[in-house]
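Look over the sequence and the model first, then read on.

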Amino acid sequence: MLSNLLSILTDRQWLWIAAGFYLAGFALGTLALLRERRHSRLLMYILIASGYGLQNAGLWLRGQTEHGCPLGNQFEIFQFTAWSATTLFLVIGATFRVSLLGYFTSALMAALTVVSLAIPAWDSTHRANVFGGNPWLELHAALALFSYGVFALLALTSLLFLLRNYSLKNKRLGGWFSFLPSIIELDQISLRLLAAGVVLLTASLAVGSVWWLRDPPGSVHMVAVTIAVWLAYALALGLRLRGALIAQRFAWACTVLFVAALVSLDTVDHGSHPAPAARAISNQP
Amino acid sequence: MSEAGGIFFHLGASHHTAPLALREKLALTPEKTAALGARIGAAGEMREWAVLSTCNRVEFYGVAGSPAAIDHLQAEFCALLECSPADFAGAARRTFGLEALRHLLVVAAGLDSQMLGETEIFGQMKDAYAGALHRGTAGPVLNRAFQKTFQAAKFVRTHTAITEGQVSVASVAVDLALKIFGGLRAVRVLLLGAGEIGEKTARAFRSRGAEALTVASRRLEHAMELAQALAAAALPFEHAPGRLAEFDIVLCATSAPGVVLTHDAVAAAIRRRPARPLFFIDLALPRDVEPTVTRLPNVFLYNLDDLAKIADENRAARENEVTRAQALVTEKAGALWPRLEPLCDSKTVNGKRWSAAAHSAG
């Protein structure tokens, strides 16, 4: 029934519409900021939640086709990361009511989803049966990408921190700087997100390491990159808890680490096996 | 109360027309207001009335059966307060009907306040209305006028930026602290110096939720005296630099001739609490805090000039909104008056248009 209903559009079409909602949220926030007014938090939440619902539809259709979590190529990895970050925002946004986080989330989600949809090469090849029917491996990948979603949100709160810190240090408090959340609020949320992300990535690596011991991965690079990302975030957490990495340095570290983690996704994707095969995507665009 | 109808009026003096010395004489205490009520009641032609008495204005709003009733009110008011009727008449303004209603809305929205857009007047006006209800001097006209005025004032506040941004140095300091700490309940505030500006700022912090307040002054007895007044703790001045790490916000307002808190002292404090911001508000002249502390991570410093500049910018932003707010008030008054006018029955008095009759009598 649900499958029939969703089949009126292809998975990519659902994902394009979802991206449209994220873009609409971004446009709403940008217009409000240009007019130096607060955007409607409820409307922003509704736009992001709608985009999320539609993205669920697209990813669900994709998962039905692949009989598993859709993580078979760069396009799906970006979509899944965006989906993870949005899941978390919908919880955090409703609980902590962080001013401007919705705007920044919509901007990042729009960027991740539109870029992944706009580059056909990312979805032209696809690894069939990527997890070989191994649910533990699927769990490992899903947890890892969910942690990337958490780190995406962490990068956003870090960016907000940097802007707030800049505005306070340079005494620029008017205009849209006045809508930024407080330093303490952003720092506490960032610390919680970092801790949550590290726990998720640790769990993912723990699950993955069991599989790697049984069946060593084809690419050492993939393992090295994944462990490097984990180590970098764990180190950042340790230094933050010891008070050695604080304020803007901590925020910069979280932002740069996320960019590095995003870039490393390409290595992780290409290092996975089996090797990707050309995919006839019937659901273009 | 108002059964026979009459004129809706406003009578009063404010900071626009009355100097401080006169306003001091015109201040009405609750006891004097009650005494005034007894005097006016005897005349019987004042159908409804309420009085708004603040440090910047004393204004009557009401419904009078005749212009003479307003004269009587003015005379009794001056007699009660032993104020020269000529002095009051020189400073007083009377408006009637729609003009009086518009004035009521303008005052409630903070557009007539000395500190443009301040919201304290709204509470004071609510008190004035509550007083009238308590005395039984509010009737159908004042009930509707005040209730609709409160709604209109809220509308103006939310649909313009007339109340946005703080315009006093103390309030700006509190707002900045909120941008750093989010809330003030859990923050620890240290006041260095027991002077007036420091006390005023500390009170602003206290009124906005700061619970843990400590005062340090070069004369411990002054610190203890102020600490008692603020329900705060006192600290010997010489201990303050060494205990900086225990505080989140430091209000510096000493009259010391040189720097009190050096870069090294602040650096040592932030090293002991690196993850928690330290906010210095330097209200002293010459400055108490070495300006280079802003280079330290998680340390924020604002001096008197910074705060005054922000207050000025906020004031300018409010002034830019005045025209829009005035237009909204005019629109709201214009919409309300047709519903109030029939209750006043104020079109004519003795065959003359009421406002003309009132002006000729007043």
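## A lysine in a loop

Lys171(A) counts as partly exposed because it has 16 C-beta neighbours inside 10 Å. The scale runs as follows: a residue is buried if 20 or more other C-beta atoms lie within 10 Å of its own, exposed if 12 or fewer, and partly exposed in between, with C-beta atoms placed from the backbone. Lys171(A) is not a glycine, yet its phi is positive, about 55°. Its place is the loop between helix H6 (135-169) and helix H7 (183-214) of chain A. Helices (H or I, at least four residues) and strands (E, at least two) are DSSP runs, numbered from the N terminus.

## About the model

The model is predicted: local features need pLDDT of at least 70, side-chain atom pairs count only at pLDDT 80 or more, and totals for chains, interfaces and linings use all residues. Residues are numbered from 1 along each chain as its sequence is written, while chains are lettered from A and ligands numbered from 1 in the order in which they are written.

## Chain B overall

Chain B has 14 helices and twelve strands. Its C-alpha trace spans about 85 × 40 × 30 Å along its principal axes. Of its 362 residues, 47% are buried.

## Two loops of chain B

Ala231(B) also has a positive phi of about 55° without being a glycine. It sits in the loop between helix H10 (220-230) and strand E7 (233-236) of chain B. Ala231(B) counts as exposed, because it has 9 C-beta neighbours inside 10 Å.

Leu285(B) and Pro286(B) are joined by a cis peptide bond, with omega about -5°. Pro286(B) belongs to the loop between strand E9 (278-282) and strand E10 (299-303) of chain B.
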